[in-house]
Amino acid sequence: MPCKPGDKLCELIKKAIDDHELTMTEYQEILAQAHEDGIIDAEEQRMLRQLQQMIEDGTVKRVPG
């Protein structure tokens with residue numbers, strides 16, 4: 001998933017995907033970043049759905065932290 005420079009939400013999601021792990025802290029950061037401007041646009045929705053699907057299918061594991 002290529003990220004535009006400065007796209008913090010994309011960078012956070014990409015890190016979780018690359019690590020195959022997502023801590024509760026990282027998950028909260030992702031949600032906070034997605035809601036930061038008060039609007040979740042179509043691209044943000046797509047990235048969040050992709051991450052959720054990867055969590056559900058076990059590609060990305062939820063871990064303590």
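Throughout these close-ups, two residues are in contact when heavy atoms lie within 4.5 Å. This is a predicted model, in which local features need pLDDT of at least 70, side-chain atom pairs count only at pLDDT 80 or more, and totals for chains, interfaces and linings use all residues. Residues are numbered from 1 along each chain as its sequence is written, and side-chain values use heavy atoms, with hydrogens and water left out.

**View 1. Glutamine 33 and its contacts.** Glutamine 33 lies in helix α2; helices (H or I, at least four residues) and strands (E, at least two) are DSSP runs, numbered from the N terminus. Leaving aside neighbours within four places in sequence, glutamine 33 is in contact with Lys8, Leu9 and Leu12. The side chain of glutamine 33 also makes a polar contact of 3.3 Å with the side chain of glutamate 36. A polar contact here is a pair of N or O atoms within 3.5 Å; within protein, one must be able to donate a hydrogen and the other to accept it, and residues adjacent in sequence count only if both atoms are side-chain atoms.

**View 2. The buried side of α2.** Glu26, Ile30, Gln33 and Ala34 are the buried residues of this helix. They cover an arc of only 100 degrees around the axis, which puts them on the same side of α2; the arc is that of the directions from the helix axis to the C-beta atoms. Buried means under 20% relative accessible area, exposed over 50%, and partly exposed in between (1.4 Å probe, protein chains only). Among the elements that cover these residues are α1, β1 and α3.

**View 3. Helix α1 and its inward face.** Which residues of α1 are buried? They are Leu9, Cys10, Leu12, Ile13, Ala16 and Ile17. Seen down the axis of α1, they fall within an arc of 165 degrees, so they line one face of the helix. Their cover includes β1 (21–23), α2 and α3.

**View 4. The disulfide.** How many disulfides does the model hold? The count is one, taking a disulfide as a pair of cysteine sulfur atoms within 2.5 Å. Cysteine 3 and cysteine 10 form this link, with their sulfur atoms 2.0 Å apart. The link is left-handed, with -80 degrees about the S-S bond. Its two ends can be described in turn: cysteine 3 is partly exposed at a relative accessible area of 26%, whereas cysteine 10 is buried at 2%.

**View 5. The largest nonpolar core.** A nonpolar core is a set of buried Ala, Val, Leu, Ile, Met, Phe, Trp, Tyr and Cys residues joined through side-chain atoms within 4.5 Å. The largest one has 15 residues, of which Leu9, Ile13, Ile17, Leu22, Ile30, Leu51 and Val60 touch the most other members. At least two residues of this core come from each of α1 (8–19), α2 (24–35) and α3 (42–56), and α1 gives the most, with six. Not counting residues up to four places away in sequence, valine 60 touches Ala16, Ile17, His20, Glu21, Leu22, Leu51, Met54 and Ile55.

**View 6. Histidine 20, in the loop between α1 and β1.** Just after α1, histidine 20 takes a positive phi of about 65 degrees. Most residues other than glycine have a negative phi. With 42% relative accessibility, histidine 20 counts as partly exposed.

**View 7. Proline 2, in the segment before α1.** Is proline 2 buried or exposed? Proline 2 counts as exposed, at 78% relative accessibility. The C-alpha atoms of proline 2 and lysine 14 are separated by 8.4 Å, and the two residues are 12 residues apart along the chain.
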